[in-house]
Amino acid sequence: MSQKLRVGILGATGMVGQRFISLLENHPWFEVVTVAASPRSAGKTYEEAVGGRWKMDTPMPEQVKKLVVMNVNEVENVASTVDFVFSAVDMSKEEIKAIEEAYAKTETPVVSNNSAHRWTPDVPMVVPEINPEHFDVIEFQKKRLGTEKGFIAVKPNCSIQSYAPVLTAWKEFEPYEVVATTYQAISGAGKTFKDWPEMVENIIPYIGGEEEKSEKEPLRLWGRIENGVIVPAESPVITCQCIRVPVLNGHTAAVFVKFRKKPSKEELIDRLVKFKGLPQELQLPSAPKQFIQYMEEENRPQVKLDVDYENGMGISVGRLREDTVYDYKFIGLSHNTVRGAAGGAVLCAETLKAKGYIQAK
């Protein structure tokens, strides 16, 4: 009898759903037992439903190929087979909100990659190294939902992972003004070059909704719980531009920072390489041992060389130097579909299990 928690993937046939499945292969705590997707995929085996659309570099895991895809809208049926679910459904924001709450109300915890609930006041949005204490708001959410075990937790947008952890590591120096430009991979739109040929040798200077998320979501990570809801921080002020570039995986950020307390470059690097959080202390299965690496070479980090650092769960930083207008500037790099999407959600689930929020039914 397996001691692993039984996991369902909602939206299992899409790119993030596929990433969940590849990351959870041979996971020590979790086992994918249920895959759910839209009615048009329901009833087919997972292998048949995905067909030629498997987008991962590694082969489809054998143990999921023959799983029969369930209809994601048949909430009670899906929920009855699992201990908790990861959500990567492709629906409208209102539909996502409704279906994730429906799953939570069946006493099934939902760990979501979607943006729909990121601003629901009692839903924690967490990077486990930054704000695991926000999971405490779940108790208030469960009262609202009328549940004992069911709840929703989310991870933030992929675009902020390459600079929000860095700014967190530097918070003692009080960063108060930040300019960030992110150069974002096409997999962030769920695409490969095969299905988005116009991105080859091209840059598109617009990603819908991304700039607002990139400016506001870090403030929610740095917020506090008050009267049962998350109250976002007010500082630093962040302004962003988000650009789609011809890269498959990896979001790069060029960032300028002003500090109230002027640090030295050596102090900034020291805080980066020493920065760790609850996942490192608990040695969670998906936690990077070294969360942030600093690279001394002038031409690093590079997507081709560094995107898979710590199995895609670490952040790479380089080119930290003083600036003529701001205090310092740097380049950050993170893997957008691992740390920035499915991997970040898996680490959230591991943290929730370690804290006792996710248990066998």
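Author: The questions below take up selected residues and the criteria behind their labels.

This is a predicted model, in which local features need pLDDT of at least 70 and side-chain atom pairs count only at pLDDT 80 or more, while totals for chains, interfaces and linings use all residues. Residues are numbered from 1 along each chain as its sequence is written, and side-chain values use heavy atoms, with hydrogens and water left out.

Reader: Why is cysteine 158 called buried?

Author: Buried means under 20% relative accessible area, exposed over 50%, and partly exposed in between (1.4 Å probe, protein chains only). Cysteine 158 has 11% relative accessibility, so this residue counts as buried. Cysteine 158 lies in the loop between strand S6 (152-154) and helix H7 (164-169); helices (H or I, at least four residues) and strands (E, at least two) are DSSP runs, numbered from the N terminus.

Reader: Is histidine 251 buried or exposed, and why?

Author: Histidine 251 has a relative accessible area of 0% and is therefore buried. Histidine 251 lies in strand S11 (residues 251-259). Its contacts (heavy atoms within 4.5 Å), leaving aside neighbours within four places in sequence, include Cys158, Tyr183 and Ser334.

Reader: What makes the pairing of the side chains of histidine 251 and glutamine 184 a polar contact?

Author: A polar contact is a pair of N or O atoms within 3.5 Å; within protein, one must be able to donate a hydrogen and the other to accept it, and residues adjacent in sequence count only if both atoms are side-chain atoms. The two side chains make such a contact at 3.5 Å.

Reader: What makes asparagine 311 exposed?

Author: Asparagine 311 has a relative accessible area of 68%, and therefore counts as exposed. Its phi is near 55°, a positive value in a residue other than glycine.
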